[in-house]
Amino acid sequence: MINGLAFALCTWFGLGKMPKAPGSWGSLGALPFAWLLQGWGGWPALAIALGLICLLSLWAIAIYLRNWPGDDPGEIVIDEVAGQWLVLLFVPQDWLLYALGFVVFRVLDISKPWPASWADSRLHGPKGILLDDLLAAVYGCLIMVGVQRMLA
């Protein structure tokens, strides 16, 4: 049961097992949850969920790596979920802004600007898997705040 829960969380309920671009599928799967959380409680609800998903991801990734070895298996996408939620943290419920936030995060997650590239190459295990996405997402969050200010 514990392994099954860890697997479900790490693969974000199976999206990480999609045949191509699992990170993109994981990020896409994060969007409806962010939408619902923000609709229910605004950015504070999403911030609390982000903190919880980060803590849960450290636990789940550790279990996943014990049972399904690898340095950073592509099917682990809970880190993309956390990163995507961080990018959308201050974005209002607007499908165009969510779509832009998705693209911004995917570009940053793939390109890994410093210090995400440092974390990706130097840190290993659950912390390394999660931290590179969160560091890339900080840039994405700042970009999305800037976009909203330009549109205001």
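## Surface patch and salt-bridge network

Ile143 is partly exposed, at a relative accessible area of 38% (buried means under 20%, exposed over 50%, partly exposed in between, with a 1.4 Å probe and protein chains only). Ile143 belongs to helix α6; helices (H or I, at least four residues) are DSSP runs numbered from the N terminus.

The model is predicted: local features need pLDDT of at least 70 and side-chain atom pairs pLDDT 80 or more, while totals for chains, interfaces and linings use all residues. Residues are numbered from 1 along each chain as its sequence is written, and side-chain values use heavy atoms, without hydrogens and water.

Together with Trp114, Trp118, Leu131 and Tyr139, Ile143 makes a nonpolar surface patch of about 500 Å². Such a patch joins nonpolar side chains (Val, Leu, Ile, Met, Phe, Trp, Tyr) within 5 Å, from residues with over 30% relative accessible area and no salt bridge. Helix α6 (residues 125-151) gives the largest share of the patch, 3 residues.

The whole structure has 3 salt bridges, each a side-chain nitrogen of Lys or Arg within 4 Å of a carboxyl oxygen of Asp or Glu.

| Salt bridge | N to O distance |
|---|---|
| Asp109 and Arg106 | 2.7 Å |
| Asp109 and Lys112 | 3.1 Å |
| Asp132 and Lys112 | 2.8 Å |

Asp132 in helix α6 and Lys112 in the loop between α4 and α5 are 20 residues apart, so this pair links distant parts of the chain. Shared partners join Arg106, Asp109, Lys112 and Asp132 into one network. Asp109 and Arg106 are 3 residues apart in helix α4, so about one helical turn separates them. Asp109 is buried at 5% relative accessibility, and Arg106 is buried at 10%. Asp132 and Lys112 are buried too.

Notes. Patch = residues over 30% accessible without salt bridge, like charges linked within 9 Å, V, L, I, M, F, W, Y side chains within 5 Å. Areas by Shrake-Rupley, 256 points an atom, 1.4 Å probe, with all protein chains shown as cover. Helix = DSSP H or I, 4+ residues; strand = E, 2+ residues; numbered from the N terminus.
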